[in-house]
Amino acid sequence: MVKEMLTGNSAAAWGARLSEVDYIPAFPITPQTEIIEVISQWINDGEMNAKFTNMDSEHSMITAAGTAAATGARVFSATSSQGLLYGYEMLYNVTGWRVPLVLVNVSRGLSAPITLEPDHNDVLSARDSGFIQIHAETCQEILDTILMAYRIAEDERVLLPVLINMDGFYLSFTREPVEVPGKDEVSKFLPEYNPKHAFFKASNPMSQGVAVLGGSAYSYFKYQMHLASLNVLTVHDEVAGEFKRIFGRSYSAIEAFKIDDAEYVIIMSNSFTIKGKAAVNKFREKGLKAGLLRLRLIRPFPSNELKTLLKGKKAVAVIDQNISPGSGGILSKDVTTALYHEPDRPEVILSFIGGLGGKDISHAEFNHIVEEMEKSIETGIVPETQLLYTKNDLDQINNLLNIAGKTLEELRN
Amino acid sequence: MKNSTNEMIKRVRFHGRGGQGMKTASRIVGTASFLEGFFVQDCPLYGAERRGAPMVAFTRLSKEPILERGLIVSPDINIIADETLLGDKNANVFQGIWEGTVTIVNTHYPASHVRNVHGIVGEIVTLDVTEIALNVIGESVLSSTAAAVVCKLTGVISESSLEKAVTRELSSINLKKETIQKNVQAALICFDRIPEAHPHYFEPIKEDKKDEIVKLEYADACLGSPSVYAKGSTKLKKTGNWRLFRPVIDHEKCSRCYTCFVYCPHSCISIDGDGYPQIDYDNCKGCLTCFYECPKKVISKDREVKAW
Amino acid sequence: MSMKNAAYKKFKDISREEHISPGTALCTGCGGLLALRLAYKVLGENVVIVNAAGCFTLLSVYPYSPFSSSWMYTAMACAPAGAQGIRDALDILIKKGKLKSEENLKVVVLTGDGAANDIGLQSTSAAIYRGLDFYYFCYDNEAYSNTGFQMSSATPYGSRTATSLPGEINPQGTVQRKKDLFEIWRAHKPPYLATVSPSHPVDLSNKFEKASKFEGPKLFIALSPCPPGWSFDASNSVNIARLAVQTGIWPLKEAVYGEVKHTVIPKFKPVEEYLRTQNRYDHLFNPVKQVDVIDNIKKDVEQYWERYLDS
Ligand code: SF4
Ligand code: SF4
Ligand code: SF4
């Protein structure tokens, strides 16, 4: 085991390398490209025994990833944002084929307007596809999650692909110390993939992805994917347990930060969680019993764990780094649904949208969140979903509008 | 005659094979009912199958707004436009029929024979619609003739609405004027040959059979994914009943040239130990490519009338 | 291809083994199915077909399969990418010793003309460009027939489809010329490229046999008379395919690394004889004959062959 300064992208590449993947179909997109560059280099230098193919689009890339997995290979690939959407059709195909591959998404806000910094509309658009989704907070976690993801995906109780999310720039281009496990340790943890259900070989012909007609058959296969996904709740904990035994680092479906005695709980995901943790520390200094949960496993959604963690809490605020126009934040619905029937549920659940397109979430915004939670408890009135947007932000946009020749006064006249 | 006011809706189910015109038939009945001032719905159900495979279409007509959609599980009028479907389990032509259902079978057999062989409940009406279509229209397209039979049996659709509906629907699929005229003529013949509506036609529908909700358990991915491990299993589908005509090889005169074997699109001709072609009648779809291509002209075609 | 050293000389040379069982859901008399059946006889059973959305998707509908070999349905645009994934996976698994080399398969893309000419053109071009070792079998029924026969860019000028109906504004029906997929593919200089017709089984078999000697893309466009779409009696597929060849409408040719050779020089029967067999051309003859449109079709055929017969 060595410790090295790695970007999130390099950590992802290491995850693929240590998992001894057989195949990487690739297509570049910022901010993911470094992952496939690094892997391509390793293969060319003979450091990695795998096949690398430059594809012509993400649609083709995800197709090739899926069919290679259906042939029996261990497959890795990576994409981002528009790329994920361009291949979207194939996400549903790959899950329907029940093939275990790992796809890393490096989050980036969706066009239009086109942008480079992260939010999670891209990855959450795939939340109903059947992909297992795990969202990472640190570069170390990316590497570790890839190793765990193959164990989970290839488990007979699962056999679904995994989508691992990291934030563009905040992780993808950020270096921090990462422990790179040795080959021997990894081979103790992750055995070879040996599919019993889906492969192509001359001695044993089979037809895969066959058309199905009639609702009974279709419902059956679709619901099997749901059951397989639910199995991950158990499988993830087993795998995480073994991961801890071998590598010493521990992961759970939901990361709890200062939650035990907390009364006010903020729920977040991905790399911005670190800002939330800092805010919690500040609130605690002032004597407020604040805590934080980071949703790590997004699909399947760990409802039971969430219920337990939030039992008896006063107030919960979900910060969604995504927006479903006309509805609000996506994850706040999952959280609220999970808690509705709990007798001991938090008194109020507030929903906030923040960090869209990589916009900072400042301490002023966290302050506002806590104030709103307190106010709701006092009045019993829970506000509609709110956008975390400051006076500063408004000044900035006004300035931009001005330069764009869209001065508000002029337009009003 | 029993008054039909306690059941305001009539449900018609059409069984045929792709290409026989059952979708159009359902539309002709739909349009004719519409012209009579009813609330109407008509729709086809497309399966995977192309021309020649079993298909269904539906028409609902009612004096009140229709609070149903989609499949008709229990029809009041059930028309089986292709008699070979009677023996085809996949086609499921008897689904949900009950004492109040009138089943119409396009066959030259009398109704009593159909009842004896298939034990169908409810009324049975038979008519060799194909014969009428072949004679009057010149091909076995059954849209207007089948529709006419149904229109008559409803007892609430007039000859003139039928005529208008046939013209309207066939024009909309770009048929030529003279073809449409022949269709109208054939339709009127069928309308004439079918007896008046029977009193039991409009009895209220019986309760749906009891069913219960089950809990699906996780199945191993071998079972839980839509893959097929069996080889060549489409043979089990026995597409032989798609045939309207049966190709018959006169082996005495056959020169063993292999032409029919090479050209059969459906892999239904094999060569036996003596070099003679043999037809797999379980599966031969009756495309008649072999009949057409045989250079010696020693393959004949027989109309399939005894499909069961 | 000279007949002398060809592997197939007569019908009796054609394999008796069937790799597509009867009982599929495809139309009675489907010309494309016949072409595929004949091709399969040469390919043998160690094959995995990678299929794109189209009529032939219905070859395998759960829980049935007509094949003696393997099959994968992908989606409409990406069968060649699917083939890439399977080929790459087989190669690396064999290289790593995870799969015995006897388990290897030929990878065959199977798509209609819509996928080949329109939505899947990019992924096809990319697969050819990458030199993927695969076969591409395009059944060209000259329209989107699985959805009820709408116009594709392979639909011929002057024919009727459900979305290019002859009418007041365009009495000829389809206004555009058929896209020249052969030339588009040829521009990539693949090792082997050919057109085939189910009416010419010996020519077809020899081409698949010849293709098997090459590594890399081996591409086929099969004329696929479609009884419901082209509107003719199901017994006529072979006859119509034959007429397409004999009139010069469907040139039978091959290109090795881009060098074109015609394998059958037609007798140049009158083009009208071909058009009259199918109701999709009926509006060119009834109620009044559209002489100009028919002449244009003739001229296209003449010009095509002038170019080739001169050189
Ligand atoms: S009619 Fe002849 S060519 Fe057609 S399926 Fe039957 S045997 Fe084959
Ligand atoms: S085509 Fe005719 S002559 Fe030739 S083998 Fe068949 S039946 Fe015999
Ligand atoms: S529609 Fe045409 S191409 Fe499609 S299966 Fe039928 S005959 Fe073949």
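A note on conventions: the model is predicted, so local features need pLDDT of at least 70 and side-chain atom pairs count only at pLDDT 80 or more, while totals for chains, interfaces and linings use all residues. Residues are numbered from 1 along each chain as its sequence is written, chains are lettered from A and ligands numbered from 1 in the order in which they are written, and side-chain values use heavy atoms, with hydrogens and water left out.

**Exercise 1. Find which residues surround ligand 3, and sort them by class.**

Step 1: Look for residues with a heavy atom within 4 Å of the ligand. Around ligand 3 these are B:Arg50, C:Cys27, C:Cys30, C:Cys55, C:Asn141, C:Ser145, C:Cys226, C:Pro227 and C:Pro228.

Step 2: Read the chain letters. Residues from chains B and C surround ligand 3, so the site is shared between chains.

Step 3: Sort by class, with Ala, Val, Leu, Ile, Met, Phe, Trp, Tyr, Cys and Pro as nonpolar, Asp, Glu, Lys and Arg as charged, and the others, Gly among them, as polar. The shell has six nonpolar, two polar and one charged residues.

**Exercise 2. Work out the strand order of the five-stranded open sheet in chain A.**

Step 1: Strands are DSSP runs of E with at least two residues, helices runs of H or I with at least four, both numbered from the N terminus. Two strands pair if DSSP finds at least two bridges between them.

Step 2: Follow the pairs to get β4-β5-β7-β6-β13 (chain A), with mixed pairing. The edges are β4 (76-79) and β13 (297-299) of chain A, each pairing on one side only.

Step 3: Zoom in on one pair. β4(A) and β5 (residues 102-107) of chain A run parallel over four bridges, and A:Phe76 has A:Val102 in β5(A) as its bridge partner.

**Exercise 3. Describe how α5 and α6 of chain B pack.**

Step 1: Helix α5 (residues 159-172) and helix α6 (residues 177-193) of chain B meet at about 145°, their axes 10 Å apart.

Step 2: List the contacts (heavy atoms within 4.5 Å). Among them are B:Leu162 and B:Val166 of α5(B) and B:Val184 and B:Phe191 of α6(B).

Step 3: By class, this contact has eight nonpolar, three polar and two charged residues.

**Exercise 4. Relate the two domains of chain B.**

Step 1: An automatic or database domain assignment supplies the bounds: domain 1 (9-193) and domain 2 (237-303).

Step 2: The centres of domain 1 and domain 2 of chain B, taken over C-alpha atoms, are 32 Å apart.

Step 3: In chain B, 14 residues of domain 1 are in contact with six residues of domain 2.

Definitions and conventions: Axes fitted to C-alpha atoms, helices over the stretch in contact; angles between N-to-C directions.
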